Amino acid sequence: MAYYNALNDPEANTPNNSRRLRVFCIVSTILNLWCIWLAITQWHLHEGMNVPHVYSPAEHVITNKFVKFTRGFAHDIPIYERPPSAIVDAAWFDLWSVAQIKIPKSAAMKMPNHTWPLLNDRESYMISLDVFHQLHCLDTLRKQLYPRYSETHVSDMHIRHCIGAIRQALMCAADVSPVVWQWSERLQIAEQRDDIVHVCRDYDRIRDWASERTFEYEENDFGIYIEDDLPVSPI
């Protein structure tokens, strides 16, 4: 009984055997690719189940992009870091001026924290995105650096609140982009370089989303109690 076909055995290269081999290879490849796809899918599903999630009405507009940070030295000074002026103030205001946002009740019901309805539109609710709150706080601290320019007095309590808001936001995001050191011929030292590339959320997309939902609130929106049937979350 022969246990293998010799190289010169004519049956070893018959059309039927070659066809079976091709079919076996194709089926094996398909099964292997399917197993790999299944493993990757299950891994992503498992990872997703372990990621905490708090619903935001703006979460569907979030996309990421590469952004090279600036240093704020020499000629690398964006308008936001320049001395105060009407143009600089307007640029800062434009960053957070869309803070008052109106969302439908269906979106408000998905949020973990209860929010307030509009007095003249019971099917709409008011929110802001925390990034606008944080930018407003940073703008407030910026103005305090120039007391002769800014006539607005801000209490120590407000400043403490803003420092806390920004600190918590920085720690929450916990940016792990590596800051590097590079040799400076001018300074003749290895210099820290934080003008590095980051992966950032596209702020313009988020701001555009908010600007389409901004509303002008009235004092009555905050000063009159409204009976509301929006479910209250335990958070």
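These exercises concern a predicted model.

**Exercise 1.** Find which cysteines form a disulfide, and state which parts of the chain the pair ties together.

Solution. 
1. A pair of cysteine sulfur atoms counts as a disulfide within 2.5 Å.
2. Cysteine 137 and cysteine 162 meet this rule, with an S to S distance of 2.5 Å. The count by this rule is 1 disulfide.

**Exercise 2.** Decide for cysteine 137, cysteine 162, cysteine 172 and cysteine 200: buried or exposed?

Solution. 
1. Buried means under 20% relative accessible area, and exposed means over 50%.
2. Cysteine 137 has 1%, so it is buried.
3. Cysteine 162 has 0%, so it is buried.
4. Cysteine 172 has 68%, so it is exposed.
5. Cysteine 200 has 18%, so it is buried.

**Exercise 3.** Describe the largest nonpolar core.

Solution. 
1. This core has 23 residues. Among those with the most contacts inside it are Ile103, Phe132 and Trp209.
2. Elements that each supply at least two residues include strand S2 (101-104), helix H4 (130-144) and helix H6 (203-211).
3. Helix H2 gives the largest share, 4 residues.
4. Leaving out residues up to four places away in sequence, the contacts of isoleucine 103 include Ile127 and Trp209.

**Exercise 4.** Locate phenylalanine 66 and state whether it is buried or exposed.

Solution. 
1. Phenylalanine 66 belongs to strand S1 (residues 64-68).
2. Its relative accessibility is 69%, so it counts as exposed.
3. With Val197 and Val199, Phe66 makes a nonpolar surface patch of about 350 Å².

Definitions and conventions: Residues are numbered from 1 along each chain as its sequence is written. This is a predicted model: local features need pLDDT of at least 70, side-chain atom pairs count only at pLDDT 80 or more; totals for chains, interfaces and linings use all residues. Side-chain values use heavy atoms; hydrogens and water are left out. Patches are made of residues with over 30% relative accessible area and no salt bridge: like charges are joined within 9 Å, nonpolar side chains (Val, Leu, Ile, Met, Phe, Trp, Tyr) within 5 Å. Accessible areas come from the Shrake-Rupley method with a 1.4 Å probe; for residues, only the protein chains shown count as cover. A salt bridge is a side-chain nitrogen of Lys or Arg within 4 Å of a carboxyl oxygen of Asp or Glu. Buried means under 20% relative accessible area, exposed over 50%, partly exposed in between (1.4 Å probe, protein chains only). A nonpolar core is a set of buried Ala, Val, Leu, Ile, Met, Phe, Trp, Tyr and Cys residues joined through side-chain atoms within 4.5 Å. Contact means heavy atoms within 4.5 Å.
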